[in-house]
Amino acid sequence: MSKISAAITAVGGYVPDFVLTNKMLEDMVDTNDEWITTRTGIKERRILKEDGKGTSYLAIKAAQNLIDKSGINPKDIELVIVATATPDMKAASTSAYTATHIGATNAFSFDLEAACSSFLYGMSVAARYIESGKYKKVLLVGADKNSSMINYEDRATCIIFGDGGGAVLFEPNEEGFGLQDEFLRSDGSGREFLQATYGGSSYPSTPDAIKEHKHQVFQDGKTVFKNAVFNMADVAVKILDRNNLTTKDISWLVAHQANKRIIDATANRIELEEEKVMMNIERYGNTTSATLPLLLSDYESKLKKGDNLIFAAFGGGFTWGSIYLKWAYNS
Ligand code: UT7
């Protein structure tokens, strides 16, 4: 029998209806459309406004979109992984709620958290379950309701983040399509530069912490930026070299959408032309775990069987990495 690889065979995506534009942010904090556009590439982001709806709402909608498009029977799904940095609740698994609500009643499920690299790491985990031959249908969802942890008085963060969800189905492939290689890393000394300090187990939330917005995201943008530029480009180069790929072999760069300048720097480092760089940051901002699957969802119609995709991400922790995947179908 030939080697089993883990191929993406379906994608789905969802963003909430409410659009938070740069113009609207001008009325909320001391910023302007021109600064945000030139420094980040973002024009607008989507926000999930309804009370009581958390990340699972985005995950369910994205997964449902995949199910509707592909016609897959949710009862055939064996594992649901929800990659997220903003779980619905503590102590209750977001993935279990998601799996039940999409009708994946024969699946087990778990959440996976690695900040903005959650979905990338999730691809690695999903692939191992498929490659082992143990499971044949693994649903990987990346979803984040970032608005739940953003201080809308802090111009350093509120201009960047948005809410969204995306989903992919992994299935076995014996023709050589699917995940080919990965290069994943982390460095905990980066934690101080991007975190929500209170509300976790180290520092449970207190009224004072909430008053001072310490339960919401803080970032030293410059330091995160520098590390993201260096590391995303570095791992992209490593994965190309290791697989004897040159720029002309790459069909698409699928890079985490945190800042257009970071994506451009990664593309420049591997000398990739702009037309091969997937980009939707202008419409959604940084949706953390959802950026990569939302790109696949938006670009699905342009993808062709055999295309070589290079994924790259960088996030809090720090966490980062790159994955090389051969696309498995024409849509
Ligand atoms: O997903 C992984 C996590 N996040 C990231 O990867 C994000 C990484 N960082 C970034 O994308 C960028 O660092 C930011 C977009 C957050 C900031 O851009 P920057 O070019 O690094 O700006 P800066 O922090 O160096 O600030 C430059 C100037 C400062 O003014 P002065 O001191 O030069 O007078 C800031 O006070 O821009 C000012 N500034 C703003 N002005 C208007 C900072 N934020 C804003 C703003 N609007 N929203």
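**View 1. The ligand between two domains of the predicted model.** Both domain 1 (5-176) and domain 2 (179-326) contribute residues to the shell around the ligand, so the ligand lies between them. The model shown is predicted. The space that the ligand takes up is the second largest pocket. Of the elements, H8 gives the most, with four residues.

**View 2. Residues of the shell around the ligand.** The ligand is surrounded by 23 residues. Thr31, Arg39, Arg155, Lys222 and Asn259 are the closest. By class, the shell residues comprise 11 nonpolar, seven polar and five charged.

**View 3. Side-chain contacts to oxygen atoms of the ligand.** In the side chain of Asn259, an N or O atom is 2.7 Å from an oxygen atom of the ligand. Asn259 is also listed among the closest residues of the shell. For His256, the distance from a polar side-chain atom to an oxygen atom of the ligand is 2.9 Å. Arg261 likewise places a polar side-chain atom 2.9 Å from an oxygen atom of the ligand. The ligand taken alone exposes 940 Å², of which the protein buries 73%.

**View 4. The cis peptide bond between Gly317 and Phe318.** Gly317 and Phe318 are joined by a cis peptide bond, with omega about -5°. Phe318 is located in the loop between strand S12 (308-315) and strand S13 (319-326).

**View 5. Backbone of Ala91.** Ala91 is a residue other than glycine with a positive phi, near 75°. The loop that holds Ala91 runs between strand S4 (79-83) and helix H4 (94-101).

How values were computed
Residues are numbered from 1 along each chain as its sequence is written. This is a predicted model: local features need pLDDT of at least 70, side-chain atom pairs count only at pLDDT 80 or more; totals for chains, interfaces and linings use all residues. Side-chain values use heavy atoms; hydrogens and water are left out. A residue is near a molecule or strand if one of its heavy atoms lies within 4 Å of it. A polar contact is a pair of N or O atoms within 3.5 Å; within protein, one must be able to donate a hydrogen and the other to accept it, and residues adjacent in sequence count only if both atoms are side-chain atoms. Accessible areas come from the Shrake-Rupley method with a 1.4 Å probe; for residues, only the protein chains shown count as cover. On a 1 Å grid over the protein atoms alone, a cavity is a set of points where a 1.4 Å probe fits but cannot get out, and a pocket is an open set with protein on both sides within 12 Å along at least five of seven lines; lining residues have an atom within 4 Å of a point. A molecule sits in a cavity or pocket if more than half of its atoms lie within 2 Å of its grid points. Helices (H or I, at least four residues) and strands (E, at least two) are DSSP runs, numbered from the N terminus. Ala, Val, Leu, Ile, Met, Phe, Trp, Tyr, Cys and Pro count as nonpolar, Asp, Glu, Lys and Arg as charged, and the others, Gly among them, as polar. Domain bounds come from an automatic or database domain assignment.
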